[in-house]
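Please read the following explanation alongside the sequence and the coordinates.

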Amino acid sequence: MIDILLVEDNPADVELIRECLENSRFVASIQVRENGGEALSFLTGEQPVAGAEVQPGLIMLDLNLPGLNGRQVLEELKSDVLLKRIPVIVLSSSDAEQDVADSYELGASSYIVKPADFSGYATLARALEDFWGRVVKLPVPGHEPV
Amino acid sequence: MGALVVFSIAALGLLTYRSLENRLIDDNLRQVQSKAGSAATVISEYTAYCARDLDARVNSLVMQDIAVLLAEGRDPLGSPEIADVERSLLSQLNSKPEYLQFRLIDSRGMEIARCERVSGETLPVITPAAKLQDKSARPYFQQAMKLARGQIEVSRIDLNVEHGVIEEPRVPVMRFSAPLYGEASSPLAVVVINLDMRPVLNELRSSSPPDWQVYLASEDGDFLLHPDGEREYGSQLGAPGLMRSEFPTLDWQQAKREELNLHLSRADGEKLVVAAHVVGLNGGRSYCLFYTMPEARLLASLAPVRRTFLLTGLLCILVALGAALLLARSIARPLEKMTLAVRSFGNSTALDLPLDASGETGVLARAFSNMLAHLGMRTTELQAEIRERRMAEELAARQASQMSRFHALVESSNDAILTKDLEGTITSWNPAAERLYGYSPQEAIGHHISLIVPPERLAEVHEIIQRVRSGEILDSYETQRICSDGTILDVNLTASGIRNAGGEVTAVSIIARDITERKFTEGLFRLVVEASPSGIVLVDSSGNIELANAAAENMFAYQPGNMRGLSVEELIPGEMRYGHSGFRRAYQSKPERRDMGAGRDLYGLRRDGSEFPIEIGLNPVRTSRGLFILALVIDITERKRSQLDMAAKNAALERSNRDLEQFAYIASHDLREPLRMVSSYTELLEERYAAQLDDKAGKYIHYARDGAKRMQQMVADLLSFSRVTSTEIELEPVDLNLVLKQCMHDLRGKLDESGAVITTGDLPLVQGTENLLHQVMQNLLSNAIKFRGEAVPRVHVSAVQDGNNWVISVQDNGIGIDPQYHERIFQMFQRLHGRDSYEGSGIGLAITRKIIERLGGSIWLESLPGQGSRFLFKVQSGIHKPAKLEVEVEHD
């Protein structure tokens, strides 16, 4: 079971992701932050809010964000010695090759184009569960590297 | 005593006679001597003129043009410069009957231009190129090639040689040759004049004093003139040294600077009296002109004197004999005195005779004195008579020779020459006048000149006669004349007066030249130049405008005629003006047809100071007055303006295209977001709330989802379409065989499903990117399979080379396309068939065409309904043959 941090400003998207992931068995909880600044504060504990005591095991990051965009957030995350080990899945409506290449370059673990319809989300949910819930062994939160 | 007297008288008589004889021979010789001197002057004058003329020819403009041509190494034969030279040489020959040939020989000794007077023909001709000869071995050519600029080689007088053989009948000539240098440091050619020596030699022969024989001999001992013509030109005819063998004692070489005047014996022993004169001609050669007469014949002319002398002497002897008997002793002294006096008689000093002696001696002395006076008178009379007769003969001969030369000149002239008296009656009429006006001499002579003057120009006749009468010479008087057939001619007249011995003008000579053709050509030329829409400006070598047409005057805003004489620099604005004379000189040194100021923007300066953009074409024009530059000027104000307009419009179009592509990309990208929401939530609605909705609501939701899906597809297509141009690409050679293989792999589902068979020939490397070419092939192949008919789809892919391009063909056996739709199918979202028959959004071919165009190629199709389709596209070859390789192939 994984705690997920979703960074997404569009409530309609948040709703769709919640719809398809909340019932999935590998998801423990979904925290949502609407912009990059909030997401970073949450992760570094500068702005403690409810549930902040739990570090997420997976971050799902939209690229098109107000303020700091997804790319900058990703850069910040990967330059932080503690946060860089948390896998980041970029979730974007863009299928531009440049965006895909840049994201992987910056250290994203995966790049997923937002599905065009709800059945696409259902398929995505199954795939995430299969891969992130069963195949991949994620670091246990709290076990900091020495 | 008597014997003494007879002896004395006889001795006295003999002495007197001898003195007389000597004096007579001397006088006679002196006359012939001076004759030889003046004859020598005639020869020198005759040849000196030719030398000066040759010098003038070498420096003429046509020759200098030839020098330029030869210096540039161009082939002279057939060139316009040679034609100019030939024309010029021909007119020289025409006007100088004593010239036989006028030639130009190149530095290898080959004649390149030649005009000659062929024997038997009146008019000189230009020798055709095929008859030009190699003269490299001839001494006058070899000598001239060694000369410095301005020097002249003068050959010896000898017989003319053609093709190595002495010309028959024999023509004595002198060749004047001079090197042609131009700007070069060594001679480029040699100009040669052959001077006909016959006139002057004939004149020498015919003008020799009666009873005298004339000879002309060269330094090397040849006779050039001899009473026996067969002894002339011995060296050339194989008998050298005739001079020495005939006159062994005449060594004129030693006496070069002195007048030879001597008695000598010919080889046959005859005693001769000789009067000689050395003639020095140009080029340092000398000739000896001498007259001979047998001494015996000269003395024969003294016979009357001798007779008178003997008669008188006899009388004296008889008288003296009688007196002597009586006064032998008393006269001895006076006789002695007389003897002395008589001895000095030849010296023409006053005689000291003892006239006052008394008696018989005195009588004798007086009688003797009378006799001497009588003798002296007769001798003086005789001499005067001889002199007068000689002078009259000489004058007559000279006049006759001059007249015949003048006559020949008039008769052979190409210009019509006629004379008329002061009333206007025609008095002479040469053959050229007959040719020009159509009247024979019989028809013209005796008629008034109004025969050939158009009625409206009759006043001119009076004017011409008056002006000539007042001493004026009319030159280049342009007017019109009428021929026998009524044709009006434009003529150029030269009119001058003919004077009598008193210097009074008694007649008028007219030389007329037909300029009708020239006038017509001039008129035509003027019309063409004036009609030209381009400005035409003719500039002379110093930069002055010689001619400008109306278009040029208009362009530069000058009044008609006002541009003529301006410096061309006045048409050039500002800073360009200062460098222009330099450009002009550079052009003159290398004149060729070209555009002016290659690559630079040129501007013209109007009279009002405004400037305008122009284009100028330069053409060199060679004329008898030197090099002119013909400039064609085009006002390109309009062209410039439309070029600027075009550039601005192109830039705007490019911007607009770029904006549109940007718009398409952004629009399609941003449109996806809301579409995704519409699509996802209608689906969610359908899935989660189906139970709460009735059938109609379910149908509506279905339509909404379907519309959203299609719109998503179109947006996606639009995005791919705009990506074709918005993505940066780098072209590289791509192997179409590999692309096709990949496509077949990607399409294997469709292939399996349809059973389609794809065949292919060997495909080439083409310029593109793998990704774009993949899209093209994939689109064409899937179309070929998609639009299939009843039969199993068969697709053949092949390639044909077209120069540096390849044409790729994709041929199917599908349903085909009506030609009216051949263009429409390449447009975006255009479908020919219902969605039910063939799925797809109609973007495939639009993208395909866009890609092919991006690769710099083109795409088209050949198809008819029911007969399959053949899509063809042309792209650049992926292998660029290096240019060098092609050159090598050519060498093979």
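Two residues are taken to be in contact if their C-beta atoms, placed from the backbone, lie within 7 Å. By that criterion, residues 24 or more positions apart account for 66% of the contacts in chain A that have a separation of 6 or more.

This is a predicted model, in which local features need pLDDT of at least 70 and side-chain atom pairs count only at pLDDT 80 or more, while totals for chains, interfaces and linings use all residues. Residues are numbered from 1 along each chain as its sequence is written, and chains are lettered from A and ligands numbered from 1 in the order in which they are written.

The secondary structure of chain A comprises five helices and five strands, where helices (H or I, at least four residues) and strands (E, at least two) are DSSP runs numbered from the N terminus. Read from the N terminus, the elements of chain A follow the order β-α-β-α-β-α-β-α-β-α. Of the 146 residues of chain A, 32% count as buried, meaning that 20 or more other C-beta atoms lie within 10 Å of the residue's own, with C-beta atoms placed from the backbone.

Turning to the interface, ten residues of chain A are in contact with ten residues of chain B. On the side of chain A that touches chain B, the elements giving two or more residues are helix 1 (11-21) and helix 5 (118-135) of chain A.

As for confidence, the predictor assigns the complex an ipTM of 0.78 and a pTM of 0.39. The mean pLDDT (the predictor's confidence in each residue, from 0 to 100) of chain B is 84, and 93% of its residues reach 70 or more. Over residues 881-892 of chain B, however, the pLDDT is below 50, and this stretch has one contact in the model beyond near neighbours in sequence.

Technical notes:
Buried ≥ 20, exposed ≤ 12 C-beta atoms within 10 Å, placed from the backbone.
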